[in-house]
Amino acid sequence: MPSPTPVELAPDYYLSNFRALLDFVISRYDALLSAEERAFFADFQALATDSQRLYVRLLSRKGVPSSAGALFRQTKLAYSEIDDLPRAVEQLVTSGLLLRNPALPLAEILPLFTKAELLPRSLSPLPNAIKRPELEQALLEQPLDPANVSAGEPILAVQAAEHFETFKLCFFGNLNQDLTDWVLRDLGLYQYERYPLDRHNLPFQSRAQIEQHLQYYDCLMLADEALANGSEAILALAAQLPAAHGEDATLHRRVDRLRLTLARQLERCDALDAADQLYQACTRPPARERRARIAVKRGDIDGGLSLCREILAAPLNEAETVFAESFGHRTAKRAKHAKDWAAPDRYQPPTETVALPPADGRVELIAAAWLESEHDSECFYVENTLFNGVLGLYIWDLLFAPVPGAFFNPFQVAPSDFRTPDFYPSRREALDQRLAELTGQTLAARVWQHFDSKQGIANPLVAWEALSAALLTRALEHIPAHHWRELFRRLLADISHHRNGLPDLIHFPADGGYELVEVKGPGDRLQQNQQRWLGFFARHGIPHRVLHVEWRQG
C-alpha cells in the first residue's frame, strides 16, 4: 500500500540492494555455486565503494551488446554519487570486472557512436543526408581501424555478467525480475509477508537444477528468432530444451509453456506431425486440446474424439472439460455421430431488464444505486474482490506456509506456484482440513484476525482498498458457511482461471439473505468464464441473476 509520507532513497540505494542480493545467495546457495561465481563474489567484495557503485550501475544498464560484453564509452559515464570515476574504472579493469578497449570488429564498435560522430571519421566523403544503416554499411566497406573510429576514447566492456545471472536466478527464481523489488519496498509501495526461507525449503537443491533453469532461459532468448524462421529452426530449438527431470515443478511449467508456444507455431506452419509430437511431450493444457484439433484437421475424427473422451475422463482443469464437451459434440455432429455425443448443457440464468435514465459513470455503480433505492437495501460493487479477498484472509497462513520451492526471496507477493495447477495439490491436506472446519464462526474469526493483523501486507487474493469493514460484516453475516465452502473449493481448484468472472454486485435485501448480480449494459454479453460461474451458482443453490441495463429514452 502507498506510504503515508514521501520516502527519499539514498543516492546509491542500488548498491545496498545489490549487496543484499549477493549476500542472500552466498548464505544459502554457496555450495551450489561454481568456483567462478564464488570468485566473482569475492572480487566484487574486494572493490572500493566507488568501484562497486560503477560496476552495479553498468551491470544494470543495457549498454551496446558485443562479443566482449555490454559496451560503454567512458566519457559518457557520469554519476553524482561516484566521487572519482576514472579511479573506479581503473580498479574494475585491474580486477577483471571491466575490459578496456577490447579487440572487436568494427561492426560492434559503430553502434556506440552517433551518426554525427561517425560521418567525419569516414575515409571518403559521405552525404549528410545518408541514413544510419547505409552509413554503417559504407564505413564497414572501408579499411577503417576500430581504434581510429573510437579516436582513442576508452571503450569499456562489462565482464562477469553471466555470473550475476546465476545470482539473480537463485534469488528471484527467474531472470525477468530486477532490483526494483527493493525500491518498491523502500518507497513503501509494497509491504511483504514474512515467511521462512530455510535452506531445505528453497527451490534449488542441486547445481543441476540451476544449470537446467539457465539452459531454459538461453532457449527463451532464442525463441523469437526461431519462431520467425520456420519449422526447422523451431524443432532445433525444441531439441535444446532441458529435460526437466525430477521434482522441479517450476522448471516443468516453464519448459511446457515454451514447448506449447513452439508447437503452436508449428501448427501455423502446417507442420502438424511435428506439432503433435511436441504437444505429446507436454503435460499441461492446452496440449490435449491442440492434439484433438490437429487430429480432426488431418481427418482423423476417431482420434480427435478419443482425445476428447480422454480429457473428459480426467480433465486437468475446467477449460479442458468445456473444450472437450463442445468440440467433441461439434465434431461428432459433423461426422454424423451426434447420437453418440450429447450436446453440452447451456445454463440460462435468471435475467431481468431494467430501463434507467442515462447517467455518467460505470453502469455497475448505477445499477447498484438503483437496487439500493428500489429495494431499500444495501448493494456493493465487488466483482472479483470479495470472494477472492475473503479466501485470501481465511487461508492467509496456508498461502504463505513454507512449502518447498514456493519462496525464493523475501519480496514475493505470492508463492511461486500460486497461479499454477500445482498450487492446490502441493497444499491439499492443509487446505482440505481448513475447508472441512469452516463454519460461520471459524470463518469470521480467521477473516477478522487477518484483516486486523495483516492490513496492507501484499496478498495475491486480497485487494485491501476493495474490502471495507462494512462489506465484510454484511457478507460474513448473510452468506451461509456451505456457500463459502463451495465457492472456495472452486477457486482453489484453478485459481488462475476461476479468480475472474465473478459477478459485479452483491445485494443484501432488506428482508435478509443475499444475491449476486452480474450487470450488463447495452450491447454487453456474458463472457464464458461468467457463464461458468453462473452455472456453478445454479448447481449449488447460490442466489444469482443477470441484470441488463438499458437507457431510458425521452
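Me: Two strands pair if DSSP finds at least two bridges between them. What is the strand order of the open sheet with three strands?

Reply: The order is 1-3-2, with antiparallel pairing. Strands here are DSSP runs of E, at least two residues, and helices are runs of H or I, at least four, all numbered from the N terminus. This is a predicted model, where local features need pLDDT of at least 70, side-chain atom pairs count only at pLDDT 80 or more, and totals for chains, interfaces and linings use all residues. Residues are numbered from 1 along each chain as its sequence is written, and side-chain values use heavy atoms, with hydrogens and water left out.

Me: What makes strand 1 and strand 2 edge strands?

Reply: Strand 1 and strand 2 (98–100) each pair on one side only. The twist from one strand to the next averages 30°.

Me: How do you know that strand 1 pairs with strand 3?

Reply: Three bridges join strand 1 to strand 3 (residues 155–158). The cut-off is at least two, so they pair. The two run antiparallel. Phe72 stands opposite Leu156 in strand 3.

Me: Which strands does helix 4 lie across?

Reply: Helix 4 lies across strand 2 and strand 3 and runs at about 100° to strand 2. Such angles run from 0 to 180 degrees between N-to-C directions, with axes fitted to C-alpha atoms, for helices over the stretch in contact.

Me: Why is Glu81 called buried?

Reply: Its relative accessibility is 9%. Buried means under 20% relative accessible area (over 50% is exposed, in between is partly exposed; 1.4 Å probe, protein chains only). Therefore Glu81 counts as buried. Glu81 is found in the loop between strand 1 (71–73) and helix 4 (85–95).

Me: What is Glu81 in contact with, leaving aside neighbours within four places in sequence?

Reply: Pro11, Asp12, Tyr14, Asp50, Arg53 and Arg57. Contact means heavy atoms within 4.5 Å.

Me: Is Leu431 buried or exposed, and what is its relative accessible area?

Reply: Leu431 has 1%, so the residue is buried. Leu431 sits in helix 22 (residues 428–436). Beyond its neighbours within four places in sequence, Leu431 is in contact with Ile395, Leu398, Phe423, Tyr424 and Leu492. Glu364 is 67 residues from Leu431 in sequence and 33 Å away in space, C-alpha to C-alpha.

Me: How many helices and strands does the protein chain have?

Reply: The protein chain has 27 helices and eight strands. Of its 554 residues, 49% count as buried. The C-alpha atoms fill a box of roughly 85 × 65 × 60 Å along the principal axes. Among contacts with a separation of 6 or more, 71% come from residues 24 or more positions apart.
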